[in-house]
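Please look through the structure below. The paragraphs after it go from the ligand to the chain as a whole.

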Amino acid sequence: MPDLTELVCPSTSQGVTNITPIASDQFDRWLDAQTRATHAWVKSHDFTAKEGQTLSLPTQDGSIAEIIVGVNSAPESAEAAIWWLAGVPAKIPAGNYSISDVVDSALIASAAIGWALSQYSFNRYKKDATSPNRFLMLPDTIGISSIQYTVAAYQIVRDLINTPAEDMGPPELEAAAKAIAEPFGAKVVVTIGDALQEANLPTIHMVGRAAEKAPRLIDLSWGDDKHPKVTLVGKGVCFDTGGLDIKAAQYMRQMKKDMGGSAHVLGLAHMIMAANLPVRLRVLIPAVENAIAGNAMRPGDVVVTRSGLSVEIGNTDAEGRLVLCDALSLAAEEEPDLLMDFATLTGAARVALGPDLPATFTDDDDLWGLLDKSGQQMNDPLWRMPLWKPYLETMKSDVADTDNISDGGFAGAITAALYLQRFTDGAKSWVHFDVFGWQPKAAPGKPKGGAAQAIRAAFHSIKVFTTADS
Ligand code: BES
Ligand code: MN
Ligand code: ZN
């Protein structure tokens with residue numbers, strides 16, 4: 001895969017074309033300051049600085065002197081400007097560019113991320129793919145490292161999700177985690193196949209045992225033990241057939257993305273390690289394929305989870321919460337200061353909030369306040385949903401302590417979150433993100449396909465959470 005981080009580079013190469021962003025409400029003022037020739041050129045091209053409009057201004061000899069682009073007037077924060085210029089690279093020729101220095105440098109730094117991400121394409125399997133080639137030169141005053149680790153994180157998430165299950169099964173996900181850990185010296189311990197039983201992780205074994213590629217728990221750790229413990233858990237269902245309660249074809253079609261939660265926590269882990277945040281980081285990924293074979297779990301089977309709670313399998317398609325519950329128990333046992341999980345957990349979350357808004361569940365109001373504020377500041381939206389305890393009633397089982405699904409079919413995202421919550425005792429604070437992990441229709445900076453959601457909001461929250469005076 002081409003490395004998108006190379007698209008943003010320190011300045012001073014030759015032949016750089018300047019780009020001037022113009023907010024539509026500033027357009028008249030800008031135009032007044034131009035020469036008669038520019039005036040005429042702009043008018044004759046119907047340029048009005050409408051958001052997304054671009055126009056090249058020519059030199060005498062017909063080459064490009066400058067490019068003007070219509071943009072939204074000032075975003076609420078510099079970080080919120082991430083997609084500010086994301087529509088531009090697709091409309092201009094290959095080459096080296098810089099942004100007019102009238103723009104605030106924090107804003108440029110943020111927009112540089114979207115600039116690079118807009119040139120993402122997943123072309124692992126394409127013969128005639130061209131490399132991204134619109135380079136943005138930044139002045140030396142702008143630190144490049146946070147731009148690079150953010151771009152890299154999105155690229156990690158997108159590539160992992162877009163890779164088909166055939167090439168992104170549990171072993172390949174393990175290899176991806178190790179590749180992300182390696183440059184930072186993070187430790188990765190993996191428990192595979194029958195060893196899951198011995199390690200008392202029965203639900204991960206049960207969901208994944210019917211697949212050709214053995215189920216496993218990937219356990220990454222990094223950082224100083226003296227720092228606050230932050231543990232990330234990500235759903236790593238490399239393909240979700242639904243198991244014996246088989247999914248309908250139209251829903252199964254996209255299920256290579258069911259390891260999206262694990263992709264998110266790996267992207268987020270990359271940011272945390274690259275930024276060298278003062279945390280003791282742990283990442284837990286139950287990596288399985290929810291497959292069908294003679295040894296698959298059946299509806300009506302009962303599994304005694306790591307926590308001791310017994311669960312009846314009401315539907316084998318509610319497998320995400322099964323693999324997550326043992327991983328969450330394991331995480332909670334060491335009483336982390338912050339426990340976050342990401343999962344493509346329910347279709348119901350999408351019915352409720354659509355593809356853009358991760359359904360966010362926590363009973364910690366302070367943590368929600370931090371996440372909400374971060375989401376707005378970073379332009380990385382989240383929406384809180386309730387952990388409405390009375391709905392636990394709908395998950396009763398006749399033979400076990402709980403069922404893995406609710407009866408009645410109401411509030412599917414909430415009941416799934418309530419189920420997970422039962423396994424988080426010990427964690428000082430817990431939040432669950434039910435993400436879609438997919439961009440259904442291309443938008444500036446966000447091509448159709450695998451998508452990262454809430455990772456900048458989560459990163460910013462972790463940074464504040466762990467560096468604030470307490
Ligand atoms: N991976 C799916 C959820 C999903 C489906 C996420 C489509 C995003 C898009 C999950 O494992 C699942 O199948 N959930 C079921 C639960 C049900 C059986 C209680 C669902 O949401 O229908
Ligand atoms: Mn499922
Ligand atoms: Zn699933």
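In this predicted model, an oxygen atom of ligand 1 is 2.8 Å from an N or O atom in the side chain of Asp317, a polar contact (a pair of N or O atoms within 3.5 Å). The side chain of Lys235 has an N or O atom 3.2 Å from an oxygen atom of ligand 1. At Gly347 the backbone takes part: one of its N or O atoms lies 2.8 Å from a ligand oxygen. Taken alone, ligand 1 exposes 520 Å², and the protein buries 78% of that (Shrake-Rupley method, 1.4 Å probe).

Around ligand 1 there are 17 residues, of which Lys247, Asp258, Asp317, Glu319 and Gly347 come nearest; a residue counts if one of its heavy atoms lies within 4 Å. By class, this shell has eight charged, five nonpolar and four polar residues, with Asp, Glu, Lys and Arg counted as charged and Gly among the polar ones.

The protein chain is divided into domain 1 (4–143) and domain 2 (149–469), with bounds from an automatic or database domain assignment. Their centres, taken over C-alpha atoms, are 37 Å apart. The contact between them (heavy atoms within 4.5 Å) takes 18 residues from domain 1 and 19 residues from domain 2.

Residues are numbered from 1 along each chain as its sequence is written, and chains are lettered from A and ligands numbered from 1 in the order written. Local features need pLDDT of at least 70, side-chain atom pairs count only at pLDDT 80 or more, and totals for chains, interfaces and linings use all residues, while side-chain values use heavy atoms, with hydrogens and water left out.

Notes: A polar contact is a pair of N or O atoms within 3.5 Å; within protein, one must be able to donate a hydrogen and the other to accept it, and residues adjacent in sequence count only if both atoms are side-chain atoms.
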